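Subject: Structure handover

Hello,

Please find the structure below. My notes on it come after.

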Amino acid sequence: MSRRFVLLGDPVAHSLSPVLHEAAFGALGEDAEYAAVRVGAAELAEAMRIGVDGGNVTVPHKRRAADLLDVRTEAVRITGACNCFRLEASGQLWGDNTDVEGFRQALHRLPEARLGGRAVLVLGAGGGAAAVVAACIAVGARRVAIVNRSPDRARALARRFAGSGSEVDLVSRGDARREAWDLVVNATSLGLRAADPLPMRLDASRVRAAFDLVYGRDGTAWTRHARESGIPVSDGLEMLIQQAGLSVQRWLDRTPPLEPMRRAVETVLSSAAPPAGRGS
Ligand code: NDP
């Protein structure tokens with residue numbers, strides 16, 4: 001019988017996850033299907049257990065999904081968010097946060113962003129930012145500074161990583177602009193809409209590399225700004241592909257076919273009328 005995997009979130013219509021996973025199942029010859037299902041918070045628990053073998057969770061349910069799990073990986077425990085789950089034969093709900101390792105893998109493609117002993121500035125304090133902070137600590141960043149529109153949320157995120165081995169602190173917007181950073185990461189939703197302002201203006205004398213979690217057909221307004229400023233930059237597409245590949249591995253225990261997955265999303269992105277930017 002065909003195995004069934006789902007993407008649960010609200011909204012989900014824009015998501016490229018079905019493209020990625022259909023390409024993966026096709027390349028692996030797996031009898032499995034993947035569907036995006038829009039669910040409200042009240043329906044999430046049932047949607048993760050009834051008629052499915054596993055799936056992904058996206059905005060705004062990653063935190064709630066983490067609370068619903070029976071078994072949590074370290075990445076879920078540390079970030080408080082789950083984006084990948086499977087229903088075990090025992091009936092237990094197992095979950096991971098593949099955004100953490102997905103970001104880490106995507107960083108490998110940005111050679112300027114070697115983070116051991118380095119200082120990172122993270123813009124934003126939501127689920128995506130939590131995954132970025134966790135990954136930066138895992139690769140040995142010396143300092144991870146957070147700036148967010150709502151300082152309380154930034155404070156809560158920094159507290160979550162207290163005692164982690166890296167210095168995790170808050171900075172003001174002014175200090176963020178004045179200080180020097182080895183990597184600046186946009187983990188806000190800014191860039192999803194054409195009218196959005198840039199999350200932060202970058203200056204090559206203070207910023208060595210940049211990474212935008214948002215992605216688009218030709219990058220994003222912020223990645224274009226970074227490039228024009230002479231700063232090596234990546235958008236979020238590779239992270240999306242990597243976290244999807246890791247999901248495939250978690251569900252099927254098989255090596256993810258990343259090249260067919262990459263080709264499938266690049267084809268869709270190059271042929272679709274683009275929104276300003278896309279997220280997970
Ligand atoms: P959340 O909703 O959890 O967090 C959104 C963040 O953006 C918050 O820090 C919020 O600040 C900030 N923000 C929203 N609007 C504004 C604004 N107008 N001005 C300044 N800050 C703003 O979302 P996620 O963390 O899950 O996702 C963040 C982005 O990263 C999204 O675009 C998402 O699609 C993308 N993403 C991409 C992934 C990938 O694989 N490429 C994976 C995960 C996420 P405040 O706290 O003040 O509300």
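Predicted model: local features only at pLDDT ≥ 70, side-chain atom pairs only at ≥ 80, totals over all residues.

Residues are numbered from 1 along each chain as its sequence is written, and side-chain values use heavy atoms, with hydrogens and water left out.

Ligand

The ligand takes up the space of the largest pocket. A pocket here is an open set of points, on a 1 Å grid over the protein atoms alone, where a 1.4 Å probe fits and protein lies on both sides within 12 Å along at least five of seven lines; a molecule sits in one if more than half of its atoms lie within 2 Å of its grid points. There are 24 residues around the ligand, of which Gly128, Asn148, Arg149, Ser150 and Gly279 come nearest (near means a heavy atom within 4 Å). Helices α6 (127–138) and α10 (237–252) each supply at least two residues of this shell; helices are DSSP runs of H or I with at least four residues, strands are E runs of at least two, and both are numbered from the N terminus.

- A ligand oxygen is 2.9 Å from a side-chain N or O atom of Arg149.
- Another pair puts a polar backbone atom of Gly127 at 3.1 Å from an oxygen atom of the ligand.
- A nitrogen atom of the ligand lies 3.0 Å from a backbone N or O atom of Gly236.

Alone, the ligand exposes 920 Å², and the protein buries 84% of that (Shrake-Rupley method, 1.4 Å probe).

Thr79

Thr79 belongs to helix α4 (residues 74–79). Thr79 counts as buried because its relative accessibility is 0%, the limit for buried being under 20%. Its side chain makes a polar contact with that of Asn97 at 3.0 Å; within protein, such a contact needs one atom able to donate a hydrogen and the other to accept it, and residues adjacent in sequence count only if both atoms are side-chain atoms. Beyond four places in sequence, Thr79 is in contact (heavy atoms within 4.5 Å) with residues including Arg63, Val100 and Arg160.

Asn83

Asn83 is in the loop between α4 and β5 (84–87) and is buried, with a relative accessible area of 2%. The Asn83 side chain reaches the backbone nitrogen of Thr98 at 2.7 Å and makes a polar contact of 3.2 Å with the side chain of Asp99.

Regards

Note on methods: Buried < 20%, exposed > 50% of the residue type's maximum accessible area, 1.4 Å probe, protein only. Polar contact = N/O pair within 3.5 Å; in protein donor to acceptor, adjacent residues only side chain to side chain. 1 Å grid on protein atoms, 1.4 Å probe; cavity = no way out; pocket = protein on both sides within 12 Å on 5 of 7 lines; lining within 4 Å.
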